[in-house]
Amino acid sequence: MKLNIYYLFLLAGVLAASFSQVLLKKAACRQYGSFIREYLNPYVISGYILLVGSTILNVSGLRGLSFMNGPVIESFGYVLVLLLSRFFFSEKITKRKLAGVGCILAGVIAVSYTHLRAHETAANL
């Protein structure tokens, strides 16, 4: 099976959005002297630039794929944010969070398997 470049666009978009969330969270944890500095600091500016980049990557990726692939790949963002928060903020990964990740991954596997089987069935007809 050949890897489709559009999947890489979607995965890059998810990664950019996850890093963006972590940067914005890091900015929210800090105290600033003025209202302007709250929004004009490197974390916030970088976070919003990554969000715009994520949007461009997602639109580019969905141009060559079924729209059904978007939500499946986007769900990996929840897993990435959990891992990035652990790495950058030393947040604990609780059993409840692991159960949520397990549900997400089970859904991704189920939808991907169903989608793959539908393509195989269509190819055999």
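Contact here means heavy atoms within 4.5 Å. The model shown in these views is predicted.

**View 1. Ser-18 and the residues it touches.** Ser-18 lies in helix H1. Leaving aside residues up to four places away in sequence, Ser-18 touches Gly-77, Leu-80, Val-81 and Leu-84. The relative accessible area of Ser-18 is 2%. Buried means under 20%, so Ser-18 is buried.

**View 2. Packing of helix H1 against helix H3.** H1 covers residues 5-28, and H3 covers residues 42-62. Their axes are 7 Å apart. The packing angle is about 160 degrees. Angles over 145 degrees count as roughly antiparallel, and H1 and H3 are therefore roughly antiparallel to each other. Their crossing is left-handed. By class, the contact of H1 with H3 has 18 nonpolar residues, eight polar residues and one charged residue.

**View 3. Helices along the chain.** The chain has six helices and zero strands. Read along the sequence, the pattern is α-α-α-α-α-α. Among contacts with a separation of 6 or more, 74% join residues 24 or more positions apart.

View 4. Taken along the principal axes, the C-alpha atoms fill a box of roughly 65 × 35 × 20 Å. The chain has a radius of gyration of 18 Å. For a compact globule of 125 residues, the value would be near 14 Å. Of the 125 residues in the chain, 24% are buried.

Key:
Residues numbered from 1 in each chain as written. Predicted model: local features only at pLDDT ≥ 70, side-chain atom pairs only at ≥ 80, totals over all residues. Heavy atoms only, no water. Axes fitted to C-alpha atoms, helices over the stretch in contact; angles between N-to-C directions. Helix = DSSP H or I, 4+ residues; strand = E, 2+ residues; numbered from the N terminus. Parallel < 35°, antiparallel > 145°, perpendicular 65-115°, else oblique. Left-handed = near helix turned anticlockwise from the far one by under 90°. Nonpolar A, V, L, I, M, F, W, Y, C, P; charged D, E, K, R; others polar. Buried < 20%, exposed > 50% of the residue type's maximum accessible area, 1.4 Å probe, protein only. Rg over C-alpha atoms; globule rule 2.2 N^0.38 Å.
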